[in-house]
Amino acid sequence: MKKAVKLEDILEGMEMQFDETNTYLNVREGIVVQVSDEDLRRAEEDEPFDDLYDWQIENIETAIDILENFEDYIRLPTKFDINEYEMMEDFCYSLSNDKDRNRLLNAISGRGAFRRFKDEIIYMGIRDEWFEFRDKCYEKVAIEWCKDYGIDYI
C-alpha cells in the first residue's frame, strides 16, 4: 500500500540530486531516500562493510533495500526530466517589461546561459522573483509526477 508523502520532501529530493546520486520515494513508507551509485555497487557485492562509518552502513542498507524491494521505490524526476533552461525561458517571457525580457533572453543564448542568467537576475534585482517562479515550476513537476504514479501527497 502506498503511503502519502509530503510534497515538500519530494521537492527537496528533486533539488538535492547530484551526478552519481539516485533519489527515490519509498512508497511503502512515504519517505524520500538518496543513495549514491557507489552505495548501489557496494550493495551488490558480497563483501562485508562493517569497517565503514555508521552513516555509510545506513546508506548501503538503504541501497540493499532498494535492490531487494525495487517495487517499493520510484525514482524521483532527475535533472534530465526537469528542464531548467525552459523554466528560465518561461521566466523571461513572464516579464512585462520588454527591455528586461529581451535582456534576459539574450543572456540565455548560447554557452554559459545559466551563469549569465544568474548574473543578470542579480544585476536586475529580480533574483527573488526568479526563485519564486522556479519553485512553482518545480512544484508543478512534482505534482504531475505524483499524479503519474498515483502518489498521494500532503
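This is a predicted model: local features need pLDDT of at least 70, side-chain atom pairs count only at pLDDT 80 or more; totals for chains, interfaces and linings use all residues.
Q: Where is asparagine 22 found?

A: In strand S1.

Q: Buried or exposed?

A: Asparagine 22 is buried. Its relative accessible area is 6%, and the cut-off for buried is under 20%.

Q: What else is asparagine 22 in contact with, leaving aside neighbours within four places in sequence?

A: Val33, Gln34, Val35, Ser36 and Leu40. Asp37 and Arg75 are on that list too.

Q: Next, threonine 23. Which element is its place in?

A: Strand S1, which covers residues 21-26.

Q: How buried is threonine 23, as relative accessible area?

A: The value is 1%, so threonine 23 counts as buried.

Q: Which side chain does threonine 23 join in a polar contact?

A: Glutamine 34, at 3.1 Å.

Q: And what does threonine 23 touch, not counting residues up to four places away?

A: Gly13 and Gln17 are on the list.

Q: Let's step back along the chain. Where is the place of glutamate 20?

A: In the loop between helix H1 (7-15) and S1.

Q: What is phi of glutamate 20 near?

A: Near 70°. That is a positive value in a residue other than glycine.

Q: Is glutamate 20 buried or exposed?

A: Exposed, with a relative accessible area of 58%.

Q: Change of topic: threonine 78. Where does it lie?

A: In the loop between strand S3 (73-75) and helix H4 (84-94).

Q: Buried or exposed there?

A: Threonine 78 is buried, at 12% relative accessible area.

Q: How far apart are threonine 78 and aspartate 19?

A: Along the chain, 59 residues. Their C-alpha atoms are separated by 9.7 Å.

Q: What about aspartate 50 and tyrosine 73?

A: Those two are 23 residues apart in sequence. In space they are 25 Å apart, C-alpha to C-alpha.

Q: Where is aspartate 50 found?

A: In the loop between helix H2 (37-44) and helix H3 (54-68).

Q: And its exposure: what is the relative accessible area of aspartate 50?

A: 66%, so aspartate 50 is exposed.

Q: Now the whole protein. How many helices and strands?

A: There are 7 helices and 3 strands.

Q: What order do the elements run in from the N terminus?

A: The order is α-β-β-α-α-β-α-α-α-α.

Q: Is the overall fold a compact globule or more spread out?

A: More spread out. The radius of gyration is 19 Å, well over the 15 Å that the globule rule gives for 154 residues.

Q: What box do the C-alpha atoms fill?

A: Roughly 60 × 35 × 20 Å, taken along the principal axes.

Q: What share of the protein is buried?

A: Buried residues make up 39% of the 154.

Q: And the accessible surface of the protein?

A: About 10300 Å². Carbon and sulfur atoms account for 47% of that.

Q: What about contacts between residues at least 6 apart in sequence?

A: Of those contacts, 58% join residues at least 24 apart.

Q: Last one, charge. How many positive and negative side chains?

A: The protein has 20 positive and 40 negative. The centres of the two sets lie 9 Å apart.

Notes
Residues are numbered from 1 along each chain as its sequence is written. Side-chain values use heavy atoms; hydrogens and water are left out. Helices (H or I, at least four residues) and strands (E, at least two) are DSSP runs, numbered from the N terminus. The radius of gyration is taken over C-alpha atoms; the globule rule is 2.2 Å times the number of residues to the power 0.38. Buried means under 20% relative accessible area, exposed over 50%, partly exposed in between (1.4 Å probe, protein chains only). Contact means heavy atoms within 4.5 Å. Accessible areas come from the Shrake-Rupley method with a 1.4 Å probe; for residues, only the protein chains shown count as cover. Lys and Arg count as positive and Asp and Glu as negative; His and the chain ends are not counted. The place of a charge is taken as NZ of Lys, CZ of Arg, CG of Asp or CD of Glu. A polar contact is a pair of N or O atoms within 3.5 Å; within protein, one must be able to donate a hydrogen and the other to accept it, and residues adjacent in sequence count only if both atoms are side-chain atoms.
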